[in-house]
Amino acid sequence: MDIFQITEHSVTPCVVGTTGLPAKGFVWIDARLDEIAADPDAWRNEIERITGVAIYDLHMTDAMNLLHPSYFDSTHDYEMVVFRKLSLAATLDGAASTSPPEPSRATRKIPAALIDLLTQPVTFFVTDRVLITVHGDQSRTIDAARTRMLEYRQNLNGGSHSMHLPASPQELMLRLLNAMVDQYLALRQPLTDQIDRWQRALLDAQRPFKDWMALLDARIALRKLDHLCEEQHDALQELRDHFVDSVRQGEDDRAKDLLLVRVNDVIEHVARVLGHARRLESSIESAVQIHFSAMSHRTSEIVRTLTVITALFMPLTLITGIFGMNFQVMPLLTNPQGFWLTMGSMAVIVIGLLLFFRRKHYLDE
């Protein structure tokens, strides 16, 4: 468990003693799930010693649940936000996957952009002067934010060469949430490129499309992303409503406005990911429909060709059938020109049928 004191001008690791929280700034406590799972009661007691706030049992259970959806809840002492972020080492966030791969998916090649959609939760506990983050073994989002703040250096003229430090635990949480949502935005281009490749393959008449299971996995993954974004949007909307409802007389209105601007920005980013996921899902369904429409069109062309051939040969078959009957006396049987007259009549019939079909536009593409 790492503890940092964040003031207006600096970020420093600290150890909170028995005298309570530092007088200046606020405290960020960053913990991993394995640390909590080793002794949950001891961890909660330590948090209560540092912050003076006791975390409820149900919230502790939620924080340790790797399958928990995005969620917001508040108590008299703190607010809790559960937010699902990207989890694989191959993704931008770099954390190991917490859910085993499905057996059917493990036996076939899955596009990297789809594997990136696996997620795991990050839990935030927020008080007036403390932010507690609980996450898996590794999180590049949180590690990168911590590194940037520890490397923060203020210029002599009062400015900063890169960023301003967060002024409150709520602002730091929103910065982290915004970085996590931006990872989903970064997946839009790889997913779009993969869908475009499948669309071209679906409409390629020269090679039959064979990646049906991967396409199904894409649709399932996008549907999960759709549901995930809806949960994130609902949780952030409840957080925003809580910020609005918790405004008290005499508080700094500008600070509250900045928090609302930040949470609205995060909600807008989630809405963009949600809209893009729905567009991609619609694109897959449209591509499949176009594929089967093209297949139906090609089948219709083949059937039409076979129908024309059948129509051409039906009268010829009739003629050969008549002359194949075992009668002793038939016209043209003893005529030296009978064979050529029969063949000529067959040719005339075929040419006449072709002209008739062409006039009726039966042979048009």
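The model is predicted.

**Strands**

Strand 3 spans residues 26-32. This strand is mostly covered, with 6 of its 7 residues buried. Two other strands pair with strand 3. One is strand 1, residues 2-6, which pairs with strand 3 in the antiparallel sense over 5 bridges. Within that pairing, Ile 3 stands opposite Ile 29 of strand 3. The other is strand 7, residues 130-135, which runs parallel to strand 3. Here 6 bridges join the two strands. Arg 32 has His 135 in strand 7 as its bridge partner.

**Helix 7**

Helix 7 covers residues 169-186, 18 residues in total. From its first C-alpha to its last, helix 7 reaches 26 Å. That is close to the 26 Å expected at 1.5 Å a residue. Helix 7 is also mostly covered: 14 of its 18 residues are buried.

**Cysteines**

How many disulfides does the structure hold? The count is 0. Cys 14 is buried because its relative accessible area, 18%, falls under the 20% cut-off. Cys 229 is buried too, with a relative accessible area of 0%.

**Cavities**

A search of the whole structure finds 2 cavities of 30 Å³ or more.

Which residues line the largest cavity? They are Leu 117, Tyr 184, Leu 187, Arg 188, Leu 191, Leu 225, Val 273, His 276, Ala 277 and Leu 280. Two elements give two or more residues to this lining: helix 8 (188-202) and helix 10 (253-323). Helix 10 gives the most, with 4 residues.

The second largest cavity has its own lining. Its residues are Ile 47, Thr 51, Val 53, Ile 55, Tyr 78, Phe 125, Thr 127 and Ile 132.

Conventions: Residues numbered from 1 in each chain as written. Predicted model: local features only at pLDDT ≥ 70, side-chain atom pairs only at ≥ 80, totals over all residues. Heavy atoms only, no water. Expected span 1.5 Å × (residues − 1). Buried < 20%, exposed > 50% of the residue type's maximum accessible area, 1.4 Å probe, protein only. 1 Å grid on protein atoms, 1.4 Å probe; cavity = no way out; pocket = protein on both sides within 12 Å on 5 of 7 lines; lining within 4 Å. Points joined across faces, edges and corners; volume = space filled by probe spheres on them. Disulfide = S-S within 2.5 Å. Pairing = 2+ DSSP bridges.
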